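Dear colleague,

I am handing over the structure below, together with an account of what was found in it. Please read the notes with the coordinates open beside them.

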Amino acid sequence: MDEVTRKLQREAERIAARHPLPEFYSRFRAPAALARKLFFRHPTLSILRRDLQPFLHDELGHGLYHSTRVSIDTATLVCVELLYQGKIARDRVERLMVLGIAAGMLHDIRRNEEEHARLGAEEAARVLKRYSLGCREIQCVCAAIRNHEAFTTPTAGGPEWFELISDCLYDADKFRWGPDTFVHTLWHMVSQQGLSPRDLIARFPWGMTGLARISETFRTGTGRQYGPGIIDTGAEIGKEIYQYLRRHYQGDSNGQ
Ligand SMILES: [Fe+2]
Ligand SMILES: [Fe+2]
């Protein structure tokens with residue numbers, strides 16, 4: 001990442017820090033803490049994380065940072081969705097959270113290729129055979145990965161818990177279209193594509209309209225309730241970054 005892009009990312013972080021945390025993150029601190037504990041300490045997930053680290057590249061902003069945040073939010077959503085249903089043993093909740101984390105870690109493993117969701121599911125099936133997951137559990141994780149692309153209709157099939165993991169992965173991945181877009185993903189894309197600040201200014205309004213459309217697509221009850229707040233916070237941050245860019249780079253030789 002060049003110096004200008006890095007400076008802009010720092011500025012974006014400063015802007016984002018002035019905005020309140022979206023309600024999903026303040027309301028569900030306990031499920032999120034459990035999700036983090038499983039992500040960092042569960043024996044199978046620790047080995048998987050260590051093994052995957054060299055393959056999760058951040059070139060387009062969909063590497064380790066992205067997969068970690070998707071994993072933790074997927075598991076948080078699984079926990080919250082199951083708590084609403086009640087009458088489910090804690091062990092079972094934790095096991096499904098583990099599957100959600102595995103799906104989050106692997107979902108963009110083939111991100112740089114066409115049809116990355118389908119290819120990612122196939123790759124996940126190969127990878128997960130080496131870990132202590134059951135055959136149905138692997139099918140569940142792979143189905144979720146296959147279904148995670150935006151603006152597509154998920155393929156149904158399998159028991160209810162397949163759908164739960166699939167919908168939670170989708171929503172957690174689309175939560176990233178909120179503040180994460182502006183503090184992280186955008187700058188990796190700018191860097192990868194060699195965009196100047198002026199190029200970015202030209203593309204910004206079009207990009208923002210795409211972000212707004214995702215709010216209609218959340219699949220879980222929790223995602224539908226709290227996802228739009230995450231996207232709206234991102235949009236507010238985005239507007240300020242756009243103003244900053246126009247103030248500092250439009251019509252200026254620095255913005256070439
Ligand atoms: Fe993806
Ligand atoms: Fe993703």
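**Overall fold and burial**

Of the 256 residues in the protein, 41% are buried. Please bear in mind throughout that this is a predicted model. The protein has 12 helices and 0 strands, so that from the N terminus on the elements run α-α-α-α-α-α-α-α-α-α-α-α. The radius of gyration is 19 Å, close to the 18 Å that the globule rule gives for 256 residues, and the protein is therefore as compact as a globular protein of that length. Along its principal axes, the C-alpha trace spans about 60 × 35 × 35 Å. When contacts between residues at least 6 apart in sequence are considered, 75% of them join residues at least 24 apart.

**Two domains**

The domain assignment divides the protein into domain 1, residues 21–175, and domain 2, residues 179–251, and the centres of the two, taken over C-alpha atoms, are separated by 23 Å. Between them, 21 residues of domain 1 are in contact with 19 residues of domain 2. On the side of domain 1 that touches domain 2, at least two residues each are supplied by α2 (23–27), α5 (64–85) and α9 (160–175). By class, that side of domain 1 has 12 nonpolar, 1 polar and 8 charged residues.

Which residues of α4 are buried? In this helix, which covers residues 43–52, they are Leu45, Leu48 and Arg49. Seen down the axis of α4, these buried residues fall within an arc of 100°, and so they line one face of the helix. An α-helix has 3.6 residues a turn, so residues three or four places apart point the same way. On the other side of α4, Pro43 and Arg50 are exposed, while the buried residues of α4 pack against α3 (29–41) and α6 (90–106).

Helix α8, residues 135–146, has 12 residues and reaches 17 Å from its first C-alpha to its last, which is close to the 16 Å expected at 1.5 Å a residue. Its buried residues are Glu137, Cys140, Val141, Cys142, Ala143, Ala144, Ile145 and Arg146, and the buried residues of α8 pack against α6, α7 (116–128) and α9.

**Individual loop residues**

Leaving aside neighbours within four places in sequence, leucine 56 is in contact with Gly63, Leu64 and Ser67. Leucine 56 and aspartate 108 are 52 residues apart in sequence, yet their C-alpha atoms are 8.2 Å apart in space.

Glutamate 115, in the loop between α6 and α7, has a phi near 55°, a positive value in a residue other than glycine. With 12 other C-beta atoms within 10 Å, glutamate 115 is exposed. Phenylalanine 151, in the loop between α8 and α9, has a positive phi of about 60° although it is not a glycine. Is phenylalanine 151 buried or exposed? It is exposed, because 9 other C-beta atoms lie within 10 Å.

Definitions and conventions
Residues numbered from 1 in each chain as written. Chains lettered and ligands numbered in written order. Predicted model: local features only at pLDDT ≥ 70, side-chain atom pairs only at ≥ 80, totals over all residues. Buried ≥ 20, exposed ≤ 12 C-beta atoms within 10 Å, placed from the backbone. Helix = DSSP H or I, 4+ residues; strand = E, 2+ residues; numbered from the N terminus. Arc of directions from axis to C-beta. Contact = placed C-beta atoms within 7 Å. Domains from an automatic or database assignment. Nonpolar A, V, L, I, M, F, W, Y, C, P; charged D, E, K, R; others polar. Expected span 1.5 Å × (residues − 1). Rg over C-alpha atoms; globule rule 2.2 N^0.38 Å.
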